[in-house]
Amino acid sequence: MKKDDIDRVGFIQPIELKTFKGKTTYIMILVFMLLFSLIFIVPLCWMLLSAFKDTQEFLQIPPSLLPKKISLEKVKEVWTFANMGRTYICTLFMTAVAVLTMLISNGLAGYVLSRLKPKGSAVVKTIVLWTMMVPSTLSIAPKFMTFVDMPLIHVNLSNTYWPMWIMAGASAYYTLLFKNFFDGISSSLIEAAEVDGCSKLSIFFKIVLPLSKPIMITVAIFGIMGNWGTFFWPYLMIKDIELQPIGVRVFMLKEQLSVDRHLMVLVFAMIPPMIVFLFLQKRILGGLSGGVKG
C-alpha cells in the first residue's frame, strides 16, 4: 500500500475500495452527492441562461432551456441603466470596511477573552453567549433608535454605512470564533514573547496575528459573503440612491425592469461573492480547525 493511501483518512478507506461492497458504497455516495449538488447548481444555471432571454422567450410555454441568442448589448444596457459601476463601488467600500472592522474589533475581543482574561472576562463571555440566544428581531427597534440618535453625541447615522460597520465590529459569533482559535495557540510562544519584553498589544500584532491567517481569511470570507448582498439594514438606513449597496438596488429595480433584465441584475450581484468563494473555499475549513499547537 502506498504511503499516500496510508495517510488518507475518510469514510471509506483505500483498501475497502478494492472490495465490491466498498466500490458500491463509493458509487452510491458519489451519485447522491452529485444529485444533491444539482439543487444548488441548477437554479444558478437557470438564472444565468434566463438572463439572456428576452421577455417573450422567458415567458413562453413550454419554456426553453437555452436562449436563442446571447446579446452582449443587453448586458451593457442593463449595466448602464442600473448604474452598476457606482453600485459596485459603494458595495465594495461598505463591505471592505465592514470586513476590516470585523477582523480588528472581534479579533481583539477574542484575544482579550482568550489570553488576557482580565477580571470580569468570564462575565463578559457569558453576556456574549447570551446575546447569541436573543432573537435578532427583538434587537431591531433598539438598534434603529440608537442609529438615528446615537447616545451622548446625538448624531443621526442615516444615509451612512456606519450602522453596518458598527454591527460588523460587534459580532458575538466572530468574537467567539476568534477566541476558540486563539485558545489553540501554544502558550509557550506567548510566554517567550513576554520574556523578551513584548507588550500585550505587541504580542497580538507580532505573534498572534501572523499565526492567525487561517481564521482571518475564514472570517473575511464570511464577512464578504454576508455583507455583499446584505439587504435589511442598508434598506432601513440608506435612502440615498447614490449610496445604496447592491442588495438594496436589486430590490429597488424590481419594478423598473422586466423580469429577464432583473435577472441580469441578479447575475451582476452574485458574480463577485461566487468568485471569492470559489478561490478561497479551501481556506474556510483550515480557519475553523483551531490554532497552532507546539
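Trainee: What makes α6 oblique to α9?
Mentor: Helix α6 (residues 121–133) and helix α9 (residues 172–183) pack at an angle of about 135°, with their axes 9 Å apart. Axes here are lines fitted to C-alpha atoms, for helices over the stretch in contact, and angles run from 0 to 180 degrees between N-to-C directions. Angles under 35 degrees count as roughly parallel, over 145 as roughly antiparallel, 65 to 115 as roughly perpendicular and the rest as oblique, and therefore α6 is oblique to α9. The helices themselves are DSSP runs (H or I, at least four residues), as strands are (E, at least two), numbered from the N terminus.

Trainee: What is the source of the model, and how are residues numbered?
Mentor: This is a predicted model, in which local features need pLDDT of at least 70 and side-chain atom pairs count only at pLDDT 80 or more, while totals for chains, interfaces and linings use all residues. Residues are numbered from 1 along each chain as its sequence is written, and side-chain values use heavy atoms, with hydrogens and water left out.

Trainee: Which residues of α6 and α9 meet, and how do they divide by class?
Mentor: From α6 come Lys 125, Val 128, Leu 129, Thr 131 and Met 132, and they meet Ala 172, Tyr 173, Leu 176 and Lys 179 in α9, where contact means heavy atoms within 4.5 Å. The residues of this contact divide into 6 nonpolar, 1 polar and 2 charged; Ala, Val, Leu, Ile, Met, Phe, Trp, Tyr, Cys and Pro count as nonpolar, Asp, Glu, Lys and Arg as charged, and the others, Gly among them, as polar.

Trainee: Why is α5 called oblique to α9?
Mentor: The axes of helix α5 (residues 84–116) and α9 come within 7 Å and cross at roughly 50°, and that angle makes α5 oblique to α9. The contact of α5 with α9 divides into 8 nonpolar, 5 polar and 3 charged residues.

Trainee: Is the crossing of α5 and α9 left-handed or right-handed?
Mentor: The crossing of α5 and α9 is right-handed, whereas the crossing of α6 and α9 is left-handed. A crossing is left-handed if the near helix is turned anticlockwise from the far one by less than a right angle, and right-handed if clockwise.

Trainee: What makes α5 roughly perpendicular to α11?
Mentor: Helix α5 and helix α11 (residues 200–211) pack at an angle of about 110°, with their axes 12 Å apart, and this angle makes α5 roughly perpendicular to α11. In this contact Gly 107, Leu 108, Tyr 111 and Leu 116 in α5 meet Lys 200, Leu 201, Ile 203, Phe 204 and Val 208 in α11, and by class the contact has 7 nonpolar, 1 polar and 1 charged residues.

Trainee: Why does Val 265 count as buried?
Mentor: Buried means under 20% relative accessible area, exposed over 50%, and partly exposed in between, with a 1.4 Å probe and protein chains only. Val 265 has 1% relative accessibility, and so counts as buried. This residue lies in helix α15 (residues 259–288), and, leaving aside neighbours within four places in sequence, Val 265 is in contact with Val 78, Ala 82, Met 84, Val 250, Leu 253 and Leu 257. The C-alpha atoms of Val 265 and Ala 82 are separated by 7.7 Å, although the two are 183 residues apart along the chain.

Trainee: How do you know that Thr 218 is buried?
Mentor: Thr 218 has a relative accessible area of 0%, and is therefore buried; Thr 218 lies in helix α12 (residues 213–228).

Trainee: Why is Lys 117 called exposed, and Asn 159 partly exposed?
Mentor: Lys 117 has a relative accessible area of 52%, so it is exposed, whereas Asn 159 has 33% and is therefore partly exposed. Lys 117 is found in the loop between α5 and α6, and has a positive phi of about 45° although it is not a glycine. Asn 159, in the loop between α7 (140–148) and α8 (162–168), has a positive phi of about 60° and is not a glycine either.

Trainee: How many helices and strands has the chain?
Mentor: The chain has 15 helices and 0 strands, and of its 294 residues 32% count as buried.
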